[in-house]
Amino acid sequence: MSSLGIIAGSGRFPFLVAEGARQSGRRVVVCGLEGNASPALADSADIFTMLNIGKFGTMIKFFKKHNVRELCMAGAVNKPKAMEVRPDLRAAGMLLRLLRTKGDDALLRAVAEELTAEGFMLVRPDALVPSLRGPAGVLSRRAPDVEIQADIRFGMETAQLIGSLDIGQCIVVRSGIVAAVEALEGTDATLERGGSLGGPGCTMIKIVKPGQDERLDLPSIGLHTVELLIKHDFACLAYQAHKTLFFDRDKAIAAADAAGLVIVGVEEDFGGLRPPSPLPGE
């Protein structure tokens, strides 16, 4: 039986990846990151441990001990807390090499290089749960009008520029003006700030940053995202199709429809901005 190692952060994603791996006949070996991963992951794993995020050398030894050759990273990591971690010698050496190259992606690439150098093969976690990938097209009953379409195009192009600077995956726009940019604080705080500054009618944009290693970090949205957007009277949620994880999709769409929120998956050529096909009986 082959084994899949999972470096687990917070949320449901590590649980779903573990389930997908077990359904494919693999043994599941999970290392949860303290302060992020749920201890309940132990019930979804054949072998489980919880380690401080700075214990990189110990983590490598753990996976090697249990004959893991394939690894994936799944779940969110609290970035402010991660910055306070005291690294072990292995992690410290990696961080020293990053003194001149900083940013989320630079750190993730360094982690990937270290793991690859140790003989591990990194795999995309979403390959085990492909149904989580958000599709292209208008998912909501309400389609984006001309004004929202303009904000989506502007927002997608702007998000690409901001993402190329390794700042964040999410921005908030309204009427061609950027109201908020995601940085260290995370998506939730960005939406709250953007909704407050931009007022009713904002559009949220979520993308994969240019050059981002999609094996290590994918944008995600879900029911909680939609509830926040409704709370702050947003007009639209637009995400990069096929590359964004969409959790609780049916519930999220139902909530959006009840509130009149637009949800649209956008492809690189801006496909998906067309009105949806008529529903049965309409």
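**Exercise 1. Start at the end of a helix.**
Which residue with a positive phi follows α1?

Solution. α1 is followed by G25, and the phi of G25 is positive, near 90 degrees. Helices here are DSSP runs of H or I with at least four residues, strands are runs of E with at least two, and both are numbered from the N terminus. The model is predicted: local features need pLDDT of at least 70, side-chain atom pairs count only at pLDDT 80 or more, and totals for chains, interfaces and linings use all residues. Residues are numbered from 1 along each chain as its sequence is written, and side-chain values use heavy atoms, with hydrogens and water left out.

**Exercise 2. Describe the chain as a whole.**
How many helices and strands are there, and what share of the residues is buried?

Solution. Step one: count the elements. The chain has nine helices and 13 strands. Step two: look at burial. Of the 282 residues, 49% count as buried. Buried means under 20% relative accessible area, exposed means over 50%, and partly exposed lies in between (1.4 Å probe, protein chains only). Step three: look at the surface. Step four: look at the contacts, meaning heavy atoms within 4.5 Å. Among contacts between residues at least 6 apart in sequence, 72% join residues at least 24 apart.

**Exercise 3. Find what covers α1.**
Which residues of α1 are buried, and what covers them?

Solution. Helix α1 spans residues 13-23. Its buried residues are F13, P14, L16, V17, A18, G20 and A21. Their cover includes the strands β1 (3-8), β2 (27-33), β4 (70-74) and β12 (245-246).

Now take F13, which lies in α1. F13 has a relative accessible area of 7%, so F13 is buried. Leaving aside residues up to four places away in sequence, F13 touches A74, G75, P125, D126, V129, L132, L245 and F247. One of these, D126, is 113 residues from F13 in sequence. The C-alpha atoms of F13 and D126 are 9.0 Å apart.

**Exercise 4. Compare two helix pairs.**
At what angle does α8 cross α9, and at what angle does α7 pack with α8?

Solution. Two packed helices are described by the angle between their axes and the distance between the axes. Axes are lines fitted to C-alpha atoms, for helices over the stretch in contact; angles run from 0 to 180 degrees between N-to-C directions.

Take α8 (residues 223-231) and α9 (residues 249-259). Their axes come within 8 Å and cross at roughly 15 degrees. That makes α8 roughly parallel to α9. Angles under 35 degrees count as roughly parallel, over 145 as roughly antiparallel, 65 to 115 as roughly perpendicular and the rest as oblique. The crossing of α8 and α9 is left-handed. A crossing is left-handed if the near helix is turned anticlockwise from the far one by less than a right angle, and right-handed if clockwise. L223, V226 and I230 in α8 meet K251, A252, A255, A256 and A259 in α9. These residues divide into seven nonpolar, no polar and one charged. Ala, Val, Leu, Ile, Met, Phe, Trp, Tyr, Cys and Pro count as nonpolar; Asp, Glu, Lys and Arg count as charged; the others, Gly among them, count as polar.

Now take α7 (residues 187-198) and α8. Their angle is about 15 degrees, with the axes 10 Å apart. α7 and α8 are therefore roughly parallel to each other. Their crossing is right-handed. D188, L191 and E192 of α7 make the contact with H224, T225, L228 and L229 of α8.
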